[in-house]
Each structure stands twice: as C-alpha cells, then as structure tokens.
Amino acid sequence: MRKGWPRPRPGRPFGPWLLLAEALLLVSLVAGVVGALSLPEPVRREAAGRLTLPAGGLAPGQEVLAAALRRNLLESALPAWLLGLSLAGFPLVWAIVLWRGFQVGFAAAFLWGWAGSGRRAALLTLLPHNLVALPALALLAAALARLSARIFVSLWRGRPPPPGPLLADGLAALGATLLLVGASYVEAYLTPRLLTWTLELLG
C-alpha cells in the first residue's frame, strides 16, 4: 500500500515558541529605545543634522520596494531559513529577531526626539509596514527555531524526525516569509501614501 503525503501536524503546542519570540522582540524594542535615548549629545546633534523629513512625503516606487525586500528577505528571512535548516538555528535564529527589534526601537526613539512637532509624520515612516513585518519575523523565528530543534533532537536520538510536524513548521515559516513580502509592498506603496496624507492634513 502506497503511503500518502505527510499531513502537517504541529505536535507540541506552538504557543511557547511564539511567546518566546514575541518576548525577545519586545525586549529588543525596549533596548533600542534605551540605546537611542542614551546617545551622547554631540552624536545626537550630528546625526540629527543629517536628517530631513520630506516636505511632500516619500515617493512610492520600485526603489523603496527593492530596499524593503532586501531588508526583509535577504537580511532577515534568508538567514533565518539557513539557520533553521541547520543545527545552529535553534539558538542563533533569535539573534535576527533581537537585531531587527533593536533597529526599529532605536529608529523610533531617535525620530521621536528629533522630529519635534512632526513626530506623528516621522513615526509613520516606520509604523505601517513594521506592524506586519515584526510579527511576521517573530512567527518566522519561532517556526524555524522549532524546526531546528526537531532536527537536533532527532539526530540526538538517532532516528528520523516525524514528517508531519516538520511540514507544519515549514508551512508556518513559509507563511511568515510571505507576510514579510507583503510588508515590503506596504512599505513601498502604502507607507509613503499615508505619510503624504498626514503631511497634507498637518500642513
């Protein structure tokens, strides 16, 4: 009798892994905020002098999309997948979440202190797409960390991992990767329009 395709079965609850990813993301966001607030004043003034908020908003288009896809896929999703498919993935995949959360927290705190009366518009350059990207990255890290842990435990016990749970983790990671692609399109086309509308309302 021929065996059919394995069905995706999560196995043990996925919640603790996702909770860990969200906790690390929150800690890294707070660390980024603290890092921005702890900058020496000369460094803060020098960096602030190089920043400008576009009077007409950001221009949506392919250049923004390319930069967003590079950050979300090449710099985040691809390393996470490579780590998740290796024995090193379980501990190291969390570093991607920590670094991305720190970046966003740092940028948000710095923009808040720099923008003055334009704080709302400044935060709009970060908020819409990261509302999709950060949860997606947490889901991706949780799924791939669990996938890596399953592979490690199976090798340790000397028997092949069950295909159903592996497929479930892989599908969760694939869905999170697609959300990161969606976040890139939000950053390229929705965020600039929201910023433009906000500047028009405030202006």
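Biologist: Are Asp169 and Arg146 buried or exposed?

Modeller: Asp169 is buried, and Arg146 is buried too. Buried stands for under 20% relative accessible area, exposed for over 50%, and partly exposed for what lies in between, with a 1.4 Å probe and protein chains only. This is a predicted model, in which local features need pLDDT of at least 70, side-chain atom pairs count only at pLDDT 80 or more, and totals for chains, interfaces and linings use all residues. Residues are numbered from 1 along each chain as its sequence is written, and side-chain values use heavy atoms, without hydrogens and water.

Biologist: What makes Asp169 and Arg146 a salt bridge?

Modeller: Their N to O distance is 2.8 Å. The term asks for a side-chain nitrogen of Lys or Arg within 4 Å of a carboxyl oxygen of Asp or Glu, so the pair qualifies.

Biologist: How many salt bridges does a search of the whole structure find?

Modeller: The search finds 3. One of them pairs Arg71 with Glu187, whose closest N and O atoms are 2.4 Å apart. Arg71 is in helix α3 (residues 62-84) and Glu187 in helix α7 (residues 163-202), 116 residues apart. Helices are DSSP runs (H or I, at least four residues), numbered from the N terminus.

Biologist: Why is Glu187 called buried?

Modeller: Its relative accessibility is 14%, and the limit is under 20%, so Glu187 counts as buried. Arg71, at 25%, is partly exposed.

Terms used: Helices (H or I, at least four residues) and strands (E, at least two) are DSSP runs, numbered from the N terminus.
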